[in-house]
Amino acid sequence: MKTDILIIGGSSIGLNCAYYLLKSGRKVTILEAHEVAQGNVSGNAGQIVPSHIIPLAAPGVASSALKWMLNEKTSPFGMAMRFDIDYVKWLVQFARSCNEANLKRGIPAMKNLGQLSAGNFQKIITEENIACHYGQTGMITLFKDAKTFSAGVHDAEVLQTHGIAVQVLDKTALHALEPNLQNDVIGGTHCKQDCFVNPALFLKSLSERVREMGAEIFEHTPVTGFEIENKKITKVKTAEKIFEAEQIILATGVWSPQLARDLKLQIPVQPARGYSLTIDSIKQMPQHAFTLGDRHVAVTPFGNLLRVTGRLEVGQFDRTPNPKWIHRLENFLREYFVLDEKINIVETWAGLRPVTPDGIPIIGKSPLHTNLIVATGHAMLGLTLGPATGQIVSELVNGKDTAFDISPFALERFM
Ligand SMILES: Cc1cc2nc3c(=O)[nH]c(=O)nc-3n(C[C@H](O)[C@H](O)[C@H](O)COP(=O)(O)OP(=O)(O)OC[C@H]3O[C@@H](n4cnc5c(N)ncnc54)[C@H](O)[C@@H]3O)c2cc1C
């Protein structure tokens, strides 16, 4: 079957690429192994956080992660003990990237992508009339401990030097904004540009819009292999059909490395599993998105639902929610918010973040193929950075100048 643009993966990155390519007048086919608009997004925290400009691999992160792991019950970080060569290589590369040089390279790149995406999100939601509990009240990091609050204030100052607006809230100001907090929450930092959506509703609407715009979507159609001639991918194989395309976009999150292997392309992405717990019928629903600063846990309201997400377990592929961690997430929520003794859990979920060793996504043309673009490795920000990635990929496909210099995202940096 012949097509113009073939997108492999129908989640946040794949659907946003489809949207911008269709808008530019291209014809799009999407191949999705399961169902579109699910991926590792539907149960995520739903936070759109352009304030997250510090790449995951930053000075002190590797040592903090090891320290946290000494206390298993509260550690926001975990790690699989696996001895395959790609995983071990990734861990070493990650530890080596936790330095100032990576910050210097990563911050402007992440800021460009985040700012473009925040604007694009607003446009998509308004222009396409998407109902997804879009909240524009900002994200507040909450603190109970004086030492972590003071570290949070320092982080806010660093963000301010990079042009991100952050307001420090003392206890009185914070409790006036959110009256339902426990009395021992002593302060917060408020990133006002950040916002939030119900990610499942946003992606479902985006997939419907993309269909209306003419995309052909093949669900339950995993790509199984490729054929290449003179550096051009000539065939994309699935169990029932073979596809031929002018351009192919690889947007398969944590599964990108295994698909790319057949293309002789090394993509250093590892999964980082996290969990979520969604409850309903809270008497006093919070009005902002939050990070529980002492716990590294996110809390987001969507209409009458409240979602708590946390944990980053590197190297874990299994997507079964761990009851022990679901229970701990509930306890962490209670440490910060006044809740009824009995709460109604409507969903528990586990998802896999695609993480590169330097914490910066991979977006760009394949160095080995004439008709392949790779868009993956968005780690904790695959929802936030979806619309910007979609625009950049569309610009690349159409031979246009990209909105900004995308060289920091090139796959070549790992070759
Ligand atoms: C607990 C948690 C909370 C999070 N919170 C946030 C947040 O608040 N804000 C934010 O911005 N990000 C958040 N994230 C991160 C975000 O969910 C990821 O970055 C995002 O899922 C990456 O999107 P993706 O499209 O690259 O990959 P995925 O969502 O993993 O989608 C990849 C798609 O490719 C498909 N696929 C795989 N193999 C094949 C194949 N062979 N053929 C065809 N299709 C295939 C899969 O079925 C899947 O649909 C969170 C993640 C977790 C786990």
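Leu56 touches Val61, Val355, Gly359, Ala379 and Met380, leaving aside residues up to four places away in sequence. Keep in mind as you look around that this is a predicted model.

- You will find Leu56 in the loop between strand E3 (47-48) and H2.
- Leu56 is buried because 23 other C-beta atoms lie within 10 Å, and the cut-off for a buried residue is 20 or more.
- Leu56 and Val355 are 299 residues apart in sequence, yet their C-alpha atoms are 8.7 Å apart in space.

**The nonpolar core**
- The largest nonpolar core has 119 residues, and Ala18 and Ile249 are the ones that touch the most other members.
- Not counting residues up to four places away in sequence, Ala18 touches Ile7, Val28, Ile30, Val210 and Ala215.
- As background, nonpolar side chains tend to be buried together in soluble globular proteins.

**Around the ligand**
- There are 43 residues around the ligand, and those that come nearest are Ser11, Gly39, Gly253, Gly274 and Gly382.
- Helix H1 (12-23), E13 and strand E17 (344-355) each give at least two residues to this shell.
- By type, the shell holds 19 nonpolar, 22 polar and 2 charged residues.

**Helix H3 (residues 85-97)**
- Trp90, Phe94 and Ser97 are the buried residues of H3.
- Seen down the axis of H3, these buried residues fall within an arc of 65°, so they line one face of the helix.
- On the face turned away from that buried side, H3 carries the exposed residues Ile85, Val88 and Val92.
- The cover over the buried residues of H3 includes helix H2 (61-68), helix H4 (100-127) and strand E13 (270-280).

**Helix H9 (residues 323-336)**
- The 14 residues of H9 should span 20 Å at 1.5 Å a residue, and its end C-alpha atoms are 21 Å apart, which agrees.
- Buried in H9 are Trp325, Arg328, Leu329, Phe332, Leu333 and Tyr336.
- Down the axis of H9, its buried residues fall within an arc of 145°, so they line one face of the helix.
- Pro323, Lys324, His327 and Asn331 are exposed on the face of H9 turned away from its buried side.
- The buried residues of H9 pack against strand E5 (139-143), E13, strand E14 (289-292), strand E15 (297-302) and strand E16 (305-314).

Note on methods
Residues are numbered from 1 along each chain as its sequence is written. This is a predicted model: local features need pLDDT of at least 70, side-chain atom pairs count only at pLDDT 80 or more; totals for chains, interfaces and linings use all residues. A nonpolar core is a set of buried Ala, Val, Leu, Ile, Met, Phe, Trp, Tyr and Cys residues joined through C-beta atoms within 7 Å. A residue is buried if 20 or more other C-beta atoms lie within 10 Å of its own, exposed if 12 or fewer, and partly exposed in between; C-beta atoms are placed from the backbone. Two residues are in contact if their C-beta atoms, placed from the backbone, lie within 7 Å. Helices (H or I, at least four residues) and strands (E, at least two) are DSSP runs, numbered from the N terminus. The arc is that of the directions from the helix axis to the C-beta atoms. A residue is near a molecule or strand if its C-beta atom, placed from the backbone, lies within 6 Å of it. Ala, Val, Leu, Ile, Met, Phe, Trp, Tyr, Cys and Pro count as nonpolar, Asp, Glu, Lys and Arg as charged, and the others, Gly among them, as polar. The expected span of a helix is 1.5 Å times one less than its number of residues.
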